[in-house]
Amino acid sequence: MVFNMNFDSYKSIIRDLLDDYRYNHSLCVAEEAKRLAILYNEDVENAYLAGLLHDITKNFTIDEHL
């Protein structure tokens, strides 16, 4: 599967969906995922994207999740 790796675009999306704490947390998780991907010779871009988006719906209501 090929993803659009325009991380600025994804950051803009999560910036609008997350509070300040969760947004900064997601940026930190993305950096750590990248570091681990390098360490374990895995796909760095996919790891970064997964870390960046892992909490994308964290601030959604139960109804929004459904």
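**Entry 1**

I looked up Arg22 and found it buried, at 19% relative accessible area (buried is under 20%, exposed over 50%, partly exposed in between, with a 1.4 Å probe and protein chains only). This is a predicted model, where local features need pLDDT of at least 70 and side-chain atom pairs count only at pLDDT 80 or more, while totals for chains, interfaces and linings use all residues. Residues are numbered from 1 along each chain as its sequence is written, and side-chain values use heavy atoms, with hydrogens and water left out.

I then checked the partner of Arg22. Its side chain meets that of Asp55 in a salt bridge, 3.2 Å from N to O (a side-chain nitrogen of Lys or Arg within 4 Å of a carboxyl oxygen of Asp or Glu). Asp55 lies in the loop between H3 and helix H4 (62-65) and Arg22 in helix H2, so the pair ties together parts that are 33 residues apart in sequence. I take helices as DSSP runs of H or I with at least four residues, strands as runs of E with at least two, numbered from the N terminus. Asp55 is also buried, at 10%.

**Entry 2: other neighbours of Asp55**

I listed what Asp55 touches, leaving out residues up to four places away in sequence: Leu18, Arg22, His25 and Ser26 (contact means heavy atoms within 4.5 Å). The side chain of Asp55 makes a polar contact with the side chain of His25 at 3.5 Å. For a polar contact I use a pair of N or O atoms within 3.5 Å; within protein, one must be able to donate a hydrogen and the other to accept it, and residues adjacent in sequence count only if both atoms are side-chain atoms.

**Entry 3: remaining salt bridges**

I asked how many salt bridges the structure holds. The count is three. Besides the Asp55 and Arg22 pair, I noted Glu32 with Arg35 at 2.6 Å, N to O. Both residues sit in helix H2, three residues apart, about one turn of the helix. Glu32 is partly exposed at 36%, and Arg35 is partly exposed at 43%.

I also noted Asp20 with Arg15, the closest N and O atoms being 2.9 Å apart. Asp20 counts as exposed at 52%, whereas Arg15 is partly exposed at 31%.

**Entry 4: backbone at Asn41**

I looked up phi at Asn41: about 55°, positive, although the residue is not a glycine. Most residues other than glycine have a negative phi. Asn41 is placed in the loop between helix H2 (20-39) and helix H3 (44-53). I recorded Asn41 as exposed, at 70% relative accessibility.
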